[in-house]
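Keep the viewer open as you read.

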Amino acid sequence: MIMLDALTLDQMRTFVAIADSGSFRAAAKRLSRVQSGVSVAIANLEAQLGVELFDRSGHRPVLTPQGHVLLGNARDIIIRVDVLRAKARGFVE
């Protein structure tokens, strides 16, 4: 059983940052974090979902098929939350 309740927006943002930048190091820099923190966030996300999101066997992490599926959904979640925050603050009608 997948425990989706424990997933966080931070994990989604971290996952997308790695997918977009092509590396854990670049994602860490983009997110103003240390690389080990990014690695831990993704390891926790993968453990919660019970799937590997990145193939780490090569020089750069490559999305697995499950990672590709999650990527589109993660982007959508982030956009929806950003819009919700903006609406709550009165910036969007």
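**Starting in a loop**

T64 sits in the loop between β2 (62-63) and α4 (65-88); helices (H or I, at least four residues) and strands (E, at least two) are DSSP runs, numbered from the N terminus. Before going on, note that this is a predicted model, where local features need pLDDT of at least 70 and side-chain atom pairs count only at pLDDT 80 or more, while totals for chains, interfaces and linings use all residues. Residues are numbered from 1 along each chain as its sequence is written, and side-chain values use heavy atoms, with hydrogens and water left out.

Is T64 buried or exposed? T64 has a relative accessible area of 11%, so it is buried (buried means under 20% relative accessible area, exposed over 50%, partly exposed in between, with a 1.4 Å probe and protein chains only). Leaving aside neighbours within four places in sequence, T64 is in contact with E52, L53, F54 and D55 (contact means heavy atoms within 4.5 Å). A polar atom of the T64 side chain lies 2.6 Å from the backbone oxygen of E52.

Not counting residues up to four places away in sequence, L53 touches F15, L45, E46, V62, L63, T64, Q66, G67 and L70. L53 is also among the residues that touch the most other members of the largest nonpolar core, which has 19 residues (such a core is a set of buried Ala, Val, Leu, Ile, Met, Phe, Trp, Tyr and Cys residues joined through side-chain atoms within 4.5 Å). Helices α1, α2, α3 and α4 each supply at least two residues of this core, and α1 gives the largest share, five residues.

Now for α3 (residues 35-49). Its buried residues are V38, A41, I42, L45, E46 and L49. Seen down the axis of α3, they fall within an arc of 130°, so they line one face of the helix (the arc is that of the directions from the helix axis to the C-beta atoms). Their cover includes α1 (9-21), α2 (24-30), β1 (54-55) and α4. After α3 comes G50, with a positive phi near 75°.

Finally, the charges. There are six salt bridges, counting a side-chain nitrogen of Lys or Arg within 4 Å of a carboxyl oxygen of Asp or Glu. One of them joins R33 and D10 (2.0 Å, N to O). R33 lies in the loop between α2 and α3 and D10 in helix α1, so this pair ties together parts that are 23 residues apart in sequence. Elsewhere, D20, R30 and R75 are linked in a network of salt bridges.

Notes: Polar contact = N/O pair within 3.5 Å; in protein donor to acceptor, adjacent residues only side chain to side chain.
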